[in-house]
Amino acid sequence: MNPLQQIEQQTLDEGREWTRRLLQDRLQAAVDQIGPVSPLSGLKLKRARRVGMKLRTVCGVVELNMWYGFCTQSDRHMSPAREQWGLRPNQRFSPEFEKRMCYTATQTGSYEKAAAMAACWGSTVSDDGVHACVQRRGRQASAPIPPTTKTRRDETTMIIMMDGWMARHRGPQWGMKPPEKRADRVHWHEIKSAVIFRLNQRVQTSTGRRILIKKHAVAVPAETEPVEFASQVHAEAMRLGLTAAKKVYVVQDGAIWLWNVFEDRFSKCAVGTLDFYHASDHLWALANDLFGQGSAEAKRWVLPLLHQLRHGKESRVLRSLAALVQSAKVNHPGSVDIITNTENYFRRHEDHIHYAALDEAGVPVGSGAVESQCSQFQGRFKCTGQFWSDQGFANLLALDLRVRNDELQYLWGA
């Protein structure tokens with residue numbers, strides 16, 4: 001080991017031991033001050049006695065002599081200090097240690113890596129210990145956080161974007177070996193997600209790239225029905241000040257379930273916007289079908305339409321598609337279905353393609369923020385070899401959301 005590194009490591013170890021002893025002394029002093037008195041009745045516990053307890057903390061393992069006894073009011077044995085500290089029966093991890101384990105688990109690719117990372121920042125724990133903590137706190141993290149203050153009028157604009165991404169889950173025959181090809185081992189599930197932010201939280205870097213300095217993520221476990229997802233997104237938007245926003249825009253692609261969510265929860269309070277790049281994909285797909293994949297003719301036909309769509313002449317695009325439908329049987333008999341479907345697609349979204357007006361208001365015309373959010377989720381939940389149980393996925397996802405939204409501390413009291 002490098003001599004400088006050796007001196008630094010030795011000093012860190014000495015400081016860590018000093019901190020552990022200081023914490024142990026302070027916790028023991030707190031135990032002695034609380035004494036063998038029930039926090040429920042204020043009376044001394046029956047048959048009070050001292051019992052040793054080891055508590056794993058960020059500083060290391062501390063050993064305490066705890067008061068235990070029988071509380072007549074609750075008709076059970078208890079430790080007054082454990083009650084006041086909010087420790088569960090048999091809990092051996094301190095709240096701060098739990099919090100750091102949960103955070104580390106969301107930032108690494110596996111529970112094994114989380115345990116290794118914890119050892120790196122000075123706390124030895126098994127991957128089973130990390131997993132157990134995540135499952136326990138993840139179930140708690142799935143509960144919604146109520147608003148703490150009355151929402152004030154906000155003159156900024158709220159943006160809501162929704163999309164989905166895929167994750168591998170274990171099928172009912174997960175335990176079957178791979179050679180058994182008929183086994184139903186793996187199921188792919190769409191994870192419905194959303195991102196909510198204020199327009200003034202979007203800034204531009206010196207290179208012209210736009211980034212969000214603050215955003216709020218929403219995601220639900222596998223097989224959550226769209227109506228339940230809609231309810232959760234709406235509840236989070238309300239908590240973040242939906243009714244107080246000056247204006248609200250919902251930007252998303254053309255998936256039918258997404259627009260059902262919009263109609264169910266946001267159509268009366270928000271402006272719906274069809275992601276421009278998904279809209280342009282439909283026009284490109286039609287052009288390639290009519291004139292050949294990647295052909296010059298396809299490009300000459302579609303570029304004027306895209307320009308019109310992007311710059312406030314969406315009515316011309318609709319008229320062009322309607323005229324194309326009328327002449328399809330004569331001029332493009334093999335493309336009648338795709339022409340009709342494309343025209344119907346844009347007619348359904350006639351009120352959602354006013355991109356020039358959105359530009360003028362400074363509102364994004366693409367759903368890149370939620371697509372980026374989905375990619376970030378997949379970076380944690382779609383690693384090689386990851387096949388989730390339903391509950392295990394849901395618990396880690398709930399914690400991951402708390403970390404992303406800077407709300408992890410709520411699990412131990414805000």
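Visitor: Over how many bridges do strand 1 and strand 2 pair?

Guide: Welcome! This is a predicted model, in which local features need pLDDT of at least 70, side-chain atom pairs count only at pLDDT 80 or more, and totals for chains, interfaces and linings use all residues. Residues are numbered from 1 along each chain as its sequence is written, and side-chain values use heavy atoms, with hydrogens and water left out. Strands (E, at least two residues) and helices (H or I, at least four) are DSSP runs numbered from the N terminus, and two strands pair if DSSP finds at least two bridges between them. Strand 1 and strand 2, which covers residues 60-71, pair in the antiparallel sense, and the count of bridges is 10.

Visitor: Which residue in strand 2 is the bridge partner of Val 51?

Guide: Strand 1 joins strand 2 by a hairpin through 2 residues. Gly 52 stands opposite Asn 65 in strand 2. For Val 51, the bridge partner in strand 2 is Met 66.

Visitor: Which strands are the edge strands of the sheet?

Guide: The sheet is open, with 3 antiparallel strands in the order 1-2-3. An edge strand pairs on one side only.

Visitor: What angle does the direction of helix 1 make with that of strand 2?

Guide: Axes here are lines fitted to C-alpha atoms, for helices over the stretch in contact, and angles run from 0 to 180 degrees between N-to-C directions. Helix 1 (residues 3-34) packs on the sheet and touches strand 1 and strand 2, where contact means heavy atoms within 4.5 Å. Its direction and that of strand 2 make an angle of about 10 degrees.

Visitor: How many residues does the largest nonpolar core have?

Guide: A nonpolar core is a set of buried Ala, Val, Leu, Ile, Met, Phe, Trp, Tyr and Cys residues joined through side-chain atoms within 4.5 Å; buried means under 20% relative accessible area, with a 1.4 Å probe and protein chains only. Those with the most contacts inside the largest core include Val 130, Met 162 and Tyr 355. Its residue count is 91.

Notes. Buried means under 20% relative accessible area, exposed over 50%, partly exposed in between (1.4 Å probe, protein chains only).
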